[in-house]
Amino acid sequence: MIEDAAKNAVIGQIILMFSALLGVVFGFFLWLFGFGMFLLGMSGFSDVFGEPRIFRFSLLAGGLGLFSGILLLSGLLKAGLVVLGMTYLFEIAANYLLYVESGVPAVIWGYVLMLIGVPLLAVGIGALLIIAGRIMVIYGYHSIPEIYRIKRKAREHVGLG
């Protein structure tokens, strides 16, 4: 079950990264598919670790991300970037809870890099920070099942499992 959650979260993050590179209409539909896969993965992590706030914060971040896109497309640049920053804060909250449960720090530090990259989008280096953050998060999601198996074996070894 945790392998499926990790696979769905990784696929969702990869699709989210590429949806930003495409045009407005096709990129939006690709974003919807990628975010759906990401939510499926976060739902699986939420079930495995028994922490429902992981999924709730991810869902709230998705709604704010959609609203941010609408604001940016309507020409309200400052308001759209503020809401995008709030979106990353909720994604950081969800991934912090995932970090606390899984012990993989890459999932939280990747979102911190993305949050730093949002105000730097105007300079141009922000996009590089966001892509680097997504790659770090993908690595973190990919390594969660292995860390989970190691911790489970350790608990069984000492008789706590």
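1. L32 lies in helix α2, where helices are DSSP runs of H or I with at least four residues, numbered from the N terminus. This is a predicted model, in which local features need pLDDT of at least 70 and side-chain atom pairs count only at pLDDT 80 or more, while totals for chains, interfaces and linings use all residues. Residues are numbered from 1 along each chain as its sequence is written, and side-chain values use heavy atoms, leaving out hydrogens and water.

2. As for confidence, the chain averages a pLDDT of 83, and 96% of the residues score at least 70; pLDDT is the predictor's confidence in each residue, from 0 to 100.

3. L32 is partly exposed, with a relative accessible area of 38% (partly exposed lies between buried, under 20%, and exposed, over 50%, with a 1.4 Å probe and protein chains only). Together with F28, F29, L66 and I70, L32 forms a nonpolar patch on the surface, with about 450 Å² of accessible area in total. Such patches join nonpolar side chains within 5 Å, from residues with over 30% relative accessible area and no salt bridge (a Lys or Arg side-chain nitrogen within 4 Å of a carboxyl oxygen of Asp or Glu). Helices α2 (24-49) and α3 (53-73) each give two or more residues to this patch, and the largest share, 3 residues, comes from α2.

4. Away from its neighbours within four places in sequence, I144 is in contact (heavy atoms within 4.5 Å) with residues including I2, F45 and L98.

Methods
Patch = residues over 30% accessible without salt bridge, like charges linked within 9 Å, V, L, I, M, F, W, Y side chains within 5 Å. Areas by Shrake-Rupley, 256 points an atom, 1.4 Å probe, with all protein chains shown as cover.
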